[in-house]
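Me: I would like to go through this protein by question and answer. Please show the sequence and the structure before we start.

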Amino acid sequence: MKPETVKSLQNLIASGLLVKGEIFSEYNITHMNELKIIYDVLFNAKDFDTFYKTAAWARQNLNCALYVNALYMAIQHRKDTEILSIPAPYELLPNYFIDQYVIIQAAKFFEKDYSNLVVRNETIHNEGNSYIIDANYTGLFYDNDDESKLAYFREDVGLNSYYYLMKLRMAPWFNDNVNDKFGENMFQMMKQFIARYNLERYANGLPAVDSITWDTPVNVPYNPMLMYSNGVEFGHRTSSIELSENENVQQLQTIENNIAAVVDHLHQRGYNKTHILNHLMEIMVTGDKSYETLARKLLGKNAPNNGQTSVLDHYMTSLRDPIFWNINTKIVTIVDEALKLLPTYTKNELFFPGVEIINIDVKKIITAYDYFTLDVTDALKTEETGFRIKIGQPRLNHKQFTLKVNISSLVSQKGMMKIYLGPQIMPGELAIKKHLFMLLDICQVNLKVGTNIITRTPENMDLFSEDFNMLNTLQKNVENAEFGLDSLPPKTILSQVGFPSRLMLPKGTAQGLPLQLFVFIAPYIKAGIDESYSTNNFKFNTAILSPGYPLDLNIQDQQLFQLPNALIKYITVVQKGEGKVENYGGPGITRSWYITNTYDSSARPNYPTKNQQYGNKKEYSSKSYEIRDTLNDFKSDQENIESDYNTIYREHNESNLRMNYKGNNYSPKREPYDYKAKKAEYEKKDYAAKRNFTKYHTITNNENNIVESTTATDIISSSENDLYDIFNNLLPKKSYQENDTRNETEIAKTRNTQEDFSGYAVTSSISNA
């Protein structure tokens, strides 16, 4: 362990640790300073035994919430803990996730006097050696324009756990390297949450979430109905908040008005998008006096300075409050507007020569509520008991579905496929409504010559994770493994902390919720100027490393839909069952969900559980958005690429790869590519000569038949303006030679195709928005 780490811990102990029972907040600077010291001690432990002993000491001496945060954080970053199975946060601290009245009922089971046990509306039932208590979603007391319809989503225990663990993984002190993609990943996560939330609002007939307006009172009452372990209730809002004369509001407005100037200044000084977003996220999100921190403290409760903490003061509970989504939307909107000052993607960063998406096939997609239980026995019990206490809630889920993408390719090559999901919008609106689209999947595809069918299912969409195993199940697995009865399946930490798989789709409707998929195949290589990812004559397409590519910068519909490697598919999602969350009763209920106000345990939805559905899920060593270890693949394939890549431009003008973009019609109208008809022609080509960088084309001068040649090296070393001349010269300019054996119809057809392609194959860099 580093000497400075030990010294920091000694100083912390001497000055006094955070008292047990005191409320810990990630937005308290003093608390976060202590958390960083404890994290450093756990992370820098020289081996696992030292780490284990340090964690055991911390459990006995530290504040409970601080200890849990430090342990989760260290486990996510240490190398020797990367395949540990971790318990669910909602089973360690269930009072941060479940209605306080349900927690009180559960705690009464461990009292010796069972006469105090209160059973209302048959919400408690017995299954084997377990008692199950049905729990309400909160936020039932205020009308709030039907915002409470979305409580099942905002208060989902899996979704709140994911946000909590990701925020710990992106703690402020990890943004210390200007070259890391900390800012890009943080911003992408925020955009993903907003896009997914808006999809759920769209499914419930609600408009997209609005951002905060500081010059009008904020009227979003909310009572989380949660309590801390010491019995203190979370702070809440019961009336509107007046903001006009608050000094923090002036500071927030100052930040808003200057973000665009910051981006422009950094861009003019040569900073790229990665560097700029690192700076912006510190200003807007991670700094001690960041925009988000000020807004959370200002809006979390009626009286910001009354000392009471609210759900906005904790990572675990932030998503529950409707106003969190207004704050998040405001930040995303501000940053997105500022990023419009940056240049957009160029044509050679988007166009994938020789690759065309033919079709997207999607079978029937069904969503439904299923009954989910979480075990709170270990969190609440004071001594060993012969029974378990579980809490049950209906949670949104989906049936198994499959996406099949039909892709044709002229050569064998690698690509990156991204699938976005969004509401069904009018043709021509994707560019202005791209913020409504959520990244559903990202994967590498190995394309062969001809037709490729890429199949994607929820199991191999590695941005998502299934539910955590119950803590009791983990304990049994460990005990069985010790006796050799069963081995624990190795699962990486990152494979356990993804976005909840059950929430990848919005709730459907009985008639079918209209949605659309946007599929994009990105090239790994491009002709470019930057030498940093060079593999001889080809450049690595660094644009694909951006988590939000290709929808994160200002872009026009024509830039995407004139490309054969992009396609839209309309789909529908059907909700099975009544499509409603029922109210389970409980004290103080004055309003019911939709129709009923009681719960019949025998009428619980009987949908197949997904607990074991993902048992054979492929494990991934990393779930980050960055594409890793690709350069070695390019080097191994370089010989094939060099032999075929220059063929694409000459042969592309004879193909029928066209995306028919006319007016507002997005429908793909493409003729299937006849590979069999071209087979003989390909076999006659002299590929060996092309490996030696022979002539791309021959320009025959009418007078002296002077022959000019252009190589791939010329293309790479040329400036953007020179690329116009080079690529225009790649197409024959003169009439065909006298000994051309083709008939006049074929010659005329080829000449027309060449004229069309001359303006299509290459363009200059797209101008700034």
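Predicted model: local features only at pLDDT ≥ 70, side-chain atom pairs only at ≥ 80, totals over all residues.

Reply: Residues are numbered from 1 along each chain as its sequence is written, and side-chain values use heavy atoms, with hydrogens and water left out.

Me: How many helices and strands does the chain have?
Reply: Helices (H or I, at least four residues) and strands (E, at least two) are taken as DSSP runs, numbered from the N terminus. On that basis the chain has 25 helices and 16 strands.

Me: What percentage of the residues in the chain is buried?
Reply: Buried means under 20% relative accessible area, exposed over 50%, and partly exposed in between (1.4 Å probe, protein chains only). The chain has 769 residues, and the buried share is 55%.

Me: In what order do the eight strands of the open sheet lie?
Reply: Two strands pair if DSSP finds at least two bridges between them. The pairing in this open sheet is mixed, and the order is β1-β2-β5-β4-β16-β12-β7-β8.

Me: Which strands stand at the edges of that sheet?
Reply: An edge strand here has a single partner strand, so one of its sides is left without a neighbour in the sheet. From one strand to the next, the twist averages 35°, with axes being lines fitted to C-alpha atoms (for helices over the stretch in contact) and angles running from 0 to 180 degrees between N-to-C directions. The edge strands are β1 (124-127) and β8 (438-447).

Me: Which residue in β8 is the bridge partner of Met 416?
Reply: Strands β7 and β8 run antiparallel and are joined by nine bridges. The partner of Met 416 in β8 is Gln 444.

Me: Which residue in β12 stands opposite Pro 423?
Reply: Strand β7 (residues 413-423) and strand β12 (residues 513-523) run antiparallel, with nine bridges between them. Opposite Pro 423 stands Leu 515.

Me: How far apart in sequence are the parts tied together by Lys 273 and Asp 552?
Reply: A salt bridge is a side-chain nitrogen of Lys or Arg within 4 Å of a carboxyl oxygen of Asp or Glu. Lys 273 and Asp 552 form one, with their closest N and O atoms 2.6 Å apart. Lys 273 lies in helix α11 (residues 273-286) and Asp 552 in the loop between β15 (538-540) and α18 (557-561), so the tied parts are separated by 279 residues.

Me: Is Lys 273 buried or exposed, and what of Asp 552?
Reply: Both residues of this pair fall in one class. Lys 273 and Asp 552 are buried.

Me: Which residues are linked with Arg 502 in a network of salt bridges?
Reply: Arg 502 pairs with Asp 370, the closest N and O atoms being 2.9 Å apart. Arg 502 counts as buried because its relative accessibility is 7%, and Asp 370 does so at 6%. The residues linked with Arg 502 in the network are Asp 156, Asp 370, Arg 395 and Asp 467.

Me: What is the relative accessible area of Lys 433?
Reply: Lys 433 forms a salt bridge with Glu 429, the closest N and O atoms being 3.1 Å apart. Lys 433 is partly exposed because its relative accessible area is 27%.

Me: What is the relative accessible area of Met 225?
Reply: Met 225 has a positive phi of about 55° although it is not a glycine. Met 225 sits in the loop between α9 (182-203) and α10 (247-268). Met 225 is buried, and its relative accessible area is 2%.
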